[in-house]
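Work through the exercises below with the sequence and the 3D structure at hand. Each task is followed by a solution in steps.

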Amino acid sequence: MKLFFSILLIAFGIIITSEVIGVIFIYEVKVNMENTILDSAEEKNQLLVNRIDSYISDRTIDMLNLVNDKSVLQAVVSSNADFQKMDNPRQYVETQNATWNSTPRNTSPSLMLNITQNPTADRLREMMNIEKAIFHSDVFSRMLLANSYGAVVAASEAPADYDQFTESWYVEVKQDGLHVGNVTMDKPSGIVGIPIAVRINDENGNFVGVAKGIISINNVFHMLSNQMATQKIMPVKYELFDSKGTVLYSSDPTEKPLATSFPVDFVQNITGHSGSFVYTHPEEGQHFVVYVTSNSSKITPTGNWILATEYDPVQMLKPVRDMTTLLIIIMFVLIPITCIVVFVISRRIERPLSYIISTLHGFSKRDVKYIVPNGSDEIKELAANFNQMMKSVTESERKIIESEGLYRDLFESSPDPVRLIDLNGIVIDVNQAFVKKFGYSKEEAIGQPLSSSLVETSQYDIQQILQELKRGIKIDSMQVLYRKKDGSTFPALLSATPFCDSKNKLVGYVGIIKDVSELIEAKTKIEEKEATIESQYAKLAQVDKLKDEFSSMISHELTTPLFPIKFHAAMLKDPKNFGTLNKDQLNSVNEIYQNSEKLERLISDVLEVQKLEMGVTMFKKESFEVDEFMNKIFANNLPYMGNKQIKFVNSTKAKTRITSDSDRLGQVFSNLIINSVDFVPDKVAMIEINAKDEGNYILFYVKDNGSGIPKDKQENLFKKFYQIDTSPTRRHRGSGLGLSICKGIVDGLGGTIWLESAVGVGTVVYFKIPKVAVTR
Amino acid sequence: MLSTKNQKYLAISLGVTFLIWLIPFLLGKNIAVFKDDLFYIVLTVLLVMVSIYRVVYTQEKTLRITWILFLISSFAMLVAQHMWSFDELILDVKPFPSYADIAFLIGYLSWIPFFGMFIKPMKKYISKKIVIIAIVVSGAIIIPNLIILIQSAAGAFTIENTLLSAYPIIDGIVFFPVTIGMMLFFKGKTNFFPSLMFFAMISQLIADVIFEIDSANGTYYSGSLADLFFYIPFILFMFGTYDLSALEKKQNVNVKNT
């Protein structure tokens with residue numbers, strides 16, 4: 001239905017628009033037509049009004065033709081001859097004129113006085129009839145002939161005066177040959193007309209008389225009417241004015257004159273002008289008025305003629321009316337046709353659409369019936385698409401249900417309590433774990449506010465959590481204290497995530513509650529144990545410190561008595577002091593001396609280690625050449641190689657300077673070389689020393705082909721007193737402090753030390769020292 | 001829901017219509033006449049459109065005949081208004097009286113059977129008292145205009161005077177069913193939108209009376225006060241007709257659902 005209405009609305013909108021355009025168009029046509037009509041009428045009327053003068057001229061020529069008629073001329077000449085015979089012809093004329101109006105015409109005493117009933121008068125009337133026949137109207141209302149003495153010779157009707165001699169027109173004609181008078185009313189006949197008169201000359205050109213006629217103004221109008229009819233000018237009314245605006249003639253004197261029809265000074269406006277105007281009367285409607293003034297007439301003394309014409313707008317604008325009628329007819333035909341067409345079209349579309357809609361309506365209620373394609377191709381395509389869509393939706397729905405079931409299972413089977421909260425903090429779903437943990441049934445839990453399962457102290461936190469969730473921030477493992485249905489409480493870690501609908505609009509939150517009461521208990525225990533350990537560690541540190549102090553003190557105390565023992569042993573060995581000892585005595589003294597030295601070294605090492613550990617060892621900063629230093633090391637340690645015939649090699653090629661403590665480095669080399677000497681085999685032994693430039697560092701190493709060190713023993717080698725072989729029968733004796741001292745020195749010089757060793761292959765001990773001394 | 005929405009649109013439409021009348025009215029007669037003639041074309045075309053819509057989608061046979069009568073009336077108004085507007089707007093011919101009045105009379109006369117049939121389904125609620133009141137109201141409108149008409153005919157009989165009285169007289173006849181309809185509305189027997197059809201006639205009557213007075217005084221022109229009251233019935237008719245269509249559709253759906 002909406003489709004029908006919509007199409008109808010569009011169609012009618014088009015119709016209205018078209019109609020308005022049509023109205024505007026017709027209106028424009030009307031305005032143009034008005035202008036054209038008025039212009040055309042003005043043009044035609046101008047020709048008409050100009051024709052009045054030429055018409056009068058034509059009639060003057062007619063008059064001249066008349067006077068050239070022999071019978072007319074003869075009558076006038078004959079009359080003049082009769083008057084010439086009189087003693088005083090003018091007196092006779094005047095005398096006759098005095099009694100003219102009182103003397104019966106048919107009893108006139110002389111032939112001259114019987115002016116209306118003579119052959120010449122008949123000729124005049126004949127001529128008037130001829131004119132009338134030509135113009136279908138009385139052209140001349142009266143005609144007369146007067147002789148040279150002013151006496152009327154013949155007249156179509158009796159004139160008012162017999163004597164014309166003193167009349168101004170007579171004098172004018174006698175002098176000028178032509179007279180055209182003002183529009184005046186002819187007294188005897190009462191006819192309004194234009195008098196014209198011409199001079200009559202004899203064959204010699206001598207003045208013999210005048211001929212006068214009065215052109216009826218009605219005839220002028222008759223002429224105008226004929227001309228209008230010929231030119232198809234159909235005015236409602238027209239009026240002729242003289243140049244002063246006096247109405248000379250009205251085509252319909254029974255109607256209100258034009259001059260009083262319009263609320264303008266009509267006469268003043270039209271006098272001397274040509275133009276047109278449209279006046280819309282509130283009651284009568286439009287008036288089309290055209291007024292024209294003749295072009296500078298010189299024929300009549302009254303001047304220009306003014307013709308005002310009123311036209312019927314209905315008649316004039318008939319084509320416009322026809323157009324409007326046509327427009328109305330088109331509209332009234334178009335509207336029902338449009339309705340029918342729209343109805344048919346909309347039905348064609350609506351029916352299959354309604355079927356599709358009802359099918360979809362059923363589909364929305366899970367009544368899946370596929371659409372049988374019907375209607376136009378587009379509708380069929382639409383139906384096919386809907387069928388495809390329904391299939392897809394059904395399939396998607398099945399998958400969603402499956403997926404939903406899966407997620408429901410996951411939700412329900414989660415070992416941790418999970419609940420869904422809406423934006424207002426109301427529980428909308430909980431899983432079985434929640435039910436089990438909190439003791440509420442699902443029905444009880446759903447609809448409760450979030451705060452109902454929280455202890456008071458956690459409620460403020462939860463409000464904050466909700467605020468953060470609303471801002472889209474996830475909550476991860478926040479500790480909250482919950483209360484179960486039975487009133488007991490438990491600590492838990494809450495992880496919460498906002499969840500959104502399909503339009504990505506936030507609709508609620510998922511909260512996962514992890515009971516951490518056991519963890520908290522375990523943590524408490526761990527913390528307690530950690531405290532115990534820390535306490536024990538502190539005690540151990542104290543003991544260690546005491547031990548170090550003890551070692552330091554012992555070492556010092558041991559060194560003090562050792563010196564006299566060693567000194568005295570040396571004194572005993574020298575026969576100069578106490579005489580020569582026997583072999584056994586000497587051996588014993590040597591034994592004392594050597595063990596004193598060992599003990600002294602041991603104590604020295606212990607003290608060294610102690611100093612290094614306590615950070616009181618002083619390191620020098622001196623610059624020296626590495627290759628020179630290595631040569632020195634080689635030379636100093638070469639004596640140790642003698643007993644085992646060891647191949648001792650210095651591979652150093654680096655020629656660079658280093659700022660470090662050369663004595664300490666030498667101590668490191670000595671310790672490492674002595675160790676190597678101790679572990680290399682008796683035969684085919686080899687010890688190599690080297691120093692390599694590695695940018696900011698110098699890499700030193702001592703390499704041997706000794707027995708090697710197992711992997712599991714390597715990590716403890718740099719610890720104090722560590723012995724690889726701790727058995728009572730071990731071959732290699734040592735304090736286990738050498739490598740520890742090396743590490744302490746290398747560390748103190750800002751370097752690092754490490755080793756690479758393989759059993760049966762040998763060992764390489766590397767240490768890397770910065771070229772620029774670093775104080776640690 | 002739909003009716004509430006339409007009430008809002010109705011209020012807006014009446015407001016806009018008032019402004020469409022007021023602004024040109026204040027700006028001057030020529031503008032008022034021009035606007036008036038064009039606005040009537042739009043109004044009548046829209047009314048015809050809604051009437052067609054109503055006829056097409058009315059299922060019940062008697063109801064459809066009722067609405068066909070209304071469509072005839074609307075179409076007659078369309079014809080009349082076009083003739084009036086074209087005469088006045090294009091030809092500058094005084095449009096009253098004119099052939100347009102024949103179409104106007106057809107439109108007015110069509111309302112009589114339309115409203116009669118319109119209230120027919122509610123006849124069980126129509127009491128004698130309501131009928132008497134309707135007769136009185138109707139008589140109060142007809143009798144003064146009838147007197148004027150007779151006096152006019154006795155004096156200088158003119159088509160103009162006859163028509164000026166004829167319209168209110170027809171209004172008076174139409175007011176018989178209209179009065180009944182309005183009384184039923186105030187008794188709560190009809191809804192708001194169907195009642196718009198009745199209220200439209202009140203405005204129509206007021207317009208005809210103002211037109212009669214203004215024309216008699218020679219002060220009427222297209223776009224004057226009378227036309228404001230001529231516009232309102234078109235708006236009310238349109239909304240009444242359209243909303244009834246919507247209601248009927250809703251009922252049909254409900255029937256189908258049940």
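**Exercise 1.** Find the residue that Arg419(A) faces in β13(A), then describe the sheet around this pair.

Solution. Arg419(A) stands opposite Val430(A) in β13(A). The model is a predicted one. Next, look at the two strands: β12(A), residues 418-422, pairs with β13(A) in the antiparallel sense, over 3 bridges. Then widen the view to the open sheet of 5 strands, whose order is β13-β12-β16-β15-β14 in chain A, with antiparallel pairing. Its edge strands are β13 (427-430) and β14 (475-483) of chain A, each of which pairs on one side only. Direction ignored, neighbouring strands of this sheet are turned by 30° against each other on average.

**Exercise 2.** Locate Ser477(A), describe its phi, and decide whether Ser477(A) counts as buried or exposed.

Solution. Ser477(A) is found in strand β14 of chain A. Its phi is near 50°, a positive value in a residue other than glycine. For background, most residues other than glycine have a negative phi. Ser477(A) has 11 C-beta neighbours inside 10 Å, so Ser477(A) counts as exposed.

**Exercise 3.** Describe the makeup of chain B, then work out how α5(B) is oriented relative to α6(B).

Solution. Chain B has 8 helices and 0 strands, and along the sequence the pattern reads α-α-α-α-α-α-α-α. Of the 258 residues in chain B, buried ones make up 46%. Among contacts in chain B with a separation of 6 or more, 74% come from residues 24 or more positions apart. Now take the helix pair: the axes of α5(B), residues 128-154, and α6(B), residues 159-186, come within 8 Å and cross at roughly 180°. Therefore α5(B) is roughly antiparallel to α6(B). The residues of their contact divide into 18 nonpolar, 8 polar and 1 charged.

**Exercise 4.** State how many residues of chain A are in contact with chain B, and which element gives the most.

Solution. The count is 29 residues of chain A, in contact with 21 residues of chain B. Elements giving two or more residues to this side of chain A are α1 (2-67), β10 (285-293) and α9 (318-364) of chain A. The most come from α1(A), with 13 residues. By type, the residues of this side divide into 21 nonpolar, 4 polar and 4 charged.

Definitions and conventions:
Residues numbered from 1 in each chain as written. Chains lettered and ligands numbered in written order. Predicted model: local features only at pLDDT ≥ 70, side-chain atom pairs only at ≥ 80, totals over all residues. Contact = placed C-beta atoms within 7 Å. Helix = DSSP H or I, 4+ residues; strand = E, 2+ residues; numbered from the N terminus. Nonpolar A, V, L, I, M, F, W, Y, C, P; charged D, E, K, R; others polar. Axes fitted to C-alpha atoms, helices over the stretch in contact; angles between N-to-C directions. Parallel < 35°, antiparallel > 145°, perpendicular 65-115°, else oblique. Buried ≥ 20, exposed ≤ 12 C-beta atoms within 10 Å, placed from the backbone. Pairing = 2+ DSSP bridges.
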